[in-house]
Amino acid sequence: MMPFSSSAVHQTSKCYATHGKIGHLNPQQVPSKSKPWSTLANQDFIHRVDLVIPQEVFELVQEALKYKPVPQFKRVVMSLADIVEAEFLGKYVKSGSIIMLSRGRMGIDNVFALRQGILTMYLDKEAYERAGIVGKPHGVKGNRGLKPRWVVEVDLNNSSMAPGKKGFDRLVYAAKNALNTPLTWLFYNLAENTPDPDPLEKHNPTTITAHPTISQNLDTIIPDLKVAVDPSLSTSRAREEFEYLATDIYEWLSLVRLQSPRVQPGDQVDPYLCRYEVPGALDGELQQPKLCKITWQGFLPPSWARQTLIYITTLLQSRTWFSFSSTTFSRGLLGDNAECTILRLPGSGGEYLLWEIKSHE
């Protein structure tokens with residue numbers, strides 16, 4: 001794995017590129033420790049997933065996806081006190097089977113997140129002081145002129161998080177007196193079964209199904225997607241060539257996901273406005289097949305994204321290349337996202353390129 005050059009002061013995100021090979025996959029035993037699977041698992045709340053495939057395999061993928069459950073999540077209005085209420089805490093939170101994210105912009109609003117039983121609160125100074133819960137400063141140091149912010153993490157799975165315990169009673173007091181504003185939450189139940197009775201129903205949640213959006217027959221110029229450079233070489237020249245190659249392919253994939261006319265045949269944009277050229281377009285004729293893009297958008301867990309990637313990988317085997325991208329909800333004042341893009345290379349026996357975009361909080 002190679003990190004690109006360190007970012008400048010005003011560039012808050014970093015991109016890491018990895019060239020590797022996917023080994024044998026057993027859908028019954030989901031890999032979790034090796035790339036690219038661990039990269040997907042480390043994401044928190046995914047907002048969008050894009051799958052780019054050649055049009056020729058679309059019918060195969062479409063037919064297979066019919067037998068996969070479509071992700072469903074809920075939108076509900078709850079206060080923090082409702083989250084730590086005994087019934088909801090016992091049936092949902094302590095089981096670690098749900099993820100939740102409140103509405104708001106980190107770095108501006110007070111935002112709450114719940115994942116694997118850990119409650120994370122991003123608070124401004126006033127809310128933090130009123131809550132009276134111990135936390136730590138949040139954000140990049142040295143931001144002059146910005147209001148100080150704090151982050152508080154509480155492990156609700158801990159045995160001390162029970163009624164009558166000092167730490168839990170302090171959290172309940174803060175939830176009822178300082179952080180008592182009702183918030184709109186996104187809720188996803190990772191478990192196959194729903195508790196009966198369901199403690200969420202009294203809050204009248206709205207169920208939303210993340211149906212895929214399909215764009216077919218996209219006319220696209222495709223560059224050479226083969227990696228001819230061995231990034232494991234220690235020479236600076238090999239590293240430099242790999243960085244250029246990874247940057248060019250990632251830029252092209254991003255434009256494909258945006259359905260930009262810059263990657264379409266016959267595009268004649270004024271070079272004063274845009275000087276982009278598909279890599280290799282000036283050297284000779286490139287392939288111009290049709291592509292298909294399938295997009296899921298909503299509140300998606302990393303486990304669903306990882307299972308979908310495994311399913312697509314085993315379905316297509318070595319038939320063709322494909323690209324799978326997952327983007328998290330924005331963070332911070334600048335709206336930075338964490339993103340993961342995997343490109344399974346054509347005719348390579350399972351080789352892949354992986355790009356990790358890591359945002360700074």
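View 1. Of the 361 residues in the chain, 45% count as buried, where buried means under 20% relative accessible area, exposed over 50% and partly exposed in between, with a 1.4 Å probe and protein chains only. The model is predicted, so local features need pLDDT of at least 70 and side-chain atom pairs count only at pLDDT 80 or more, while totals for chains, interfaces and linings use all residues. Residues are numbered from 1 along each chain as its sequence is written, and side-chain values use heavy atoms, with hydrogens and water left out. The chain exposes about 19,300 Å², of which carbon and sulfur atoms supply 48%; accessible areas come from the Shrake-Rupley method with a 1.4 Å probe, and for residues only the protein chains shown count as cover. Eight helices and 16 strands are assigned as DSSP runs numbered from the N terminus (helices H or I, at least four residues; strands E, at least two).

**View 2. The open sheet of eight strands.** Its order is β8-β9-β7-β6-β5-β10-β4-β11, with antiparallel pairing; two strands pair if DSSP finds at least two bridges between them. The edge strands, β8 (136-138) and β11 (206-209), each pair on one side only. Neighbouring strands are turned by 25 degrees against each other on average, direction ignored. Axes here are lines fitted to C-alpha atoms, for helices over the stretch in contact, and angles run from 0 to 180 degrees between N-to-C directions. Helix α4 (residues 86-93) packs on the sheet and touches β4, β5, β6 and β10, contact meaning heavy atoms within 4.5 Å. The direction of α4 makes about 125 degrees with that of β5.

**View 3. Strand β5 and its partners.** Five of the five residues of β5 (residues 98-102) are buried, so the strand is largely enclosed by the rest of the structure. I98, M100 and S102 lie on one side, I99 and L101 on the other. Five bridges pair β5 with β10 (residues 183-189) in the antiparallel sense, and S102 stands opposite W185. Toward β6 (residues 111-115), three bridges form an antiparallel pairing, with A113 as the bridge partner of L101.

**View 4. Strand β4 against β10.** β4 (residues 72-78) pairs with β10 in the antiparallel sense over five bridges. V77 of the chain stands opposite T184 in β10.

**View 5. Helix α7.** The 22 residues of α7 (residues 236-257) should span 32 Å at 1.5 Å a residue, which agrees with end C-alpha atoms 32 Å apart; the expected span is 1.5 Å times one less than the number of residues. Buried residues of α7 include F242, E243, W252 and R257. Just after the helix, Q259 takes a positive phi of about 55 degrees.
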